Amino acid sequence: MRLKIAWQDLSRKPIQNILAVIIGGVAIALAIAVLLISASVQQGMVDAAMPFDMIVGAKGSPTQLILNTIFLTDTPIGNIPASVREDLATDDRVERVIPFAFGDNYQGYRVVGTRPELFEIRVSPSKPPVFQLAEGSFFTEAEGHHHDHDDHDDQDHQDHLDAQGPDHQDESPAAAEGHDHHDHVGHDHDEEGSFPVVLGSEVAQKTGLKLGDSFFTTHGLAHQSAESDQHQHAMEVVGILRPMNLPYDKGIFTSLEALWEAHGTRDGEVTALMVTPANYGGLMEMYQEINQDSRAQAALPGAVMGDLFNILGMSADILRAISWIVLAMALIALAISLNWSAVNRTRDNAILRVLGAGRNDILTIVVLQGLVIAVGASLLGLALGHLCAWGVARYIKTTTAIYSPAAFVAEEIWLILVAIGLSLVLSLIPAIRSYRADVVEDLALK
């Protein structure tokens, strides 16, 4: 009965009370969105960096090194000499060294020159490989070397096919040498020879490339249309990866030899190295030794992530402070709304008193009005907050391929409880006023 009276009273001024719910809902939504987005970005970055123990690259900013190697963003610092890779490959403290080379793109998606061992990395020995195929197969070490033989050999072979007639035109250089080439022997190769590539899921989706398709990459890391920057060696799609919700969904993976051949270099330089230690006891030793060496620097993804989280945390703190300010304004608006409602109900409350309602009944009705508005604002805030966080997470995935939407964080419960609690406290102000009201005086009001 009390709740029904409270609801009827709120219904008399719908615009006023709906505005109170909207203002409160927006404030709660902003606070929840900040919590969810912060948790989402941090978890996404942790997931992306998880398979990497240490990254070695040219001297410069470790953050820049991590961003361009793991997140495929920012500009590479430079290359490191082949001697660094050779020293690490023969170090007993190292289990595996995987090189990375950057410098080309296709429609803005970066080409990553590497070794097939990259496709074997795992977050932990008990987990499956991070890279899983949706179609086709990975390129192999043999294929990488096969495709960077002398270009004249390919042309001589094509001339031989031309002489044999059209029945032999479909035979590719790879087929002539007896290679299976992942069931793509029949696909055309350009006269200069082509290199096998594996596409990240987003690359395949956005570019429309399919198994067996060939394309030409462009020099540089940004999408350029100048034909003079286009390389003459075609890339042939031999595999397409499953979505990983990692930055590598935006990568185009090929052999180191492909990039070296495209750039006309054989110096063995690479942009970065992923180093997996044989045991973690020697990891810090190598980290210190490499950073003391003038040839390269070592970066620990965990440490760099910590620095980035501090920066993100400061931004989140600012947004959180803004959300609390908005929430305080919403609570003030709620208090004003309830106070005016109590003033307008002064005579009605007096009549209820005459009909037998006690002071506690009147106090409860006013408090229930505040509770209804607070619960409505909380539900609206939850819905808007999660919707906003989902939208931002999708945008971040589009721009960075980091995607780990937080479905729920524990802080949401505390935020809702605090908002409802403060609303009840503020509703006590008009409730106590109504509780102390004099029935005779209030009945005299018109």
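**Close-up views of a predicted model**

Tyr-248 counts as buried because its relative accessibility is 5%, where buried means under 20% relative accessible area, exposed over 50% and partly exposed in between (1.4 Å probe, protein chains only). The model is predicted, so to speak of local features takes pLDDT of at least 70, side-chain atom pairs count only at pLDDT 80 or more, and totals for chains, interfaces and linings use all residues. Residues are numbered from 1 along each chain as its sequence is written, and side-chain values use heavy atoms, with hydrogens and water left out.

**View A. Phe-52 meets Tyr-248 edge-to-face.** Rings of Phe, Tyr and Trp (its six-membered ring) pair if their centres lie within 6.5 Å; planes under 30 degrees apart count as stacked, over 60 as edge-to-face and the rest as tilted. Here the centres are 6.2 Å apart and the planes at 90°. Phe-52 sits in the loop between α2 and β1, and Tyr-248 in the loop between β8 and β9, so the pair ties together parts 196 residues apart in sequence. Helices (H or I, at least four residues) and strands (E, at least two) are DSSP runs, numbered from the N terminus.

**View B. Phe-119 and Phe-253 make another edge-to-face pair.** Their ring centres are 6.1 Å apart, with planes at 80°. Both Phe-119 and Phe-253 are buried.

**View C. Strand β4 (residues 109-114) is largely enclosed by the rest of the structure, because six of its six residues are buried.** Strands pair if DSSP finds at least two bridges between them. β4 runs antiparallel to β3, with two bridges, and parallel to β9, with four. Look for Thr-114, whose bridge partner in β9 is Ser-255.
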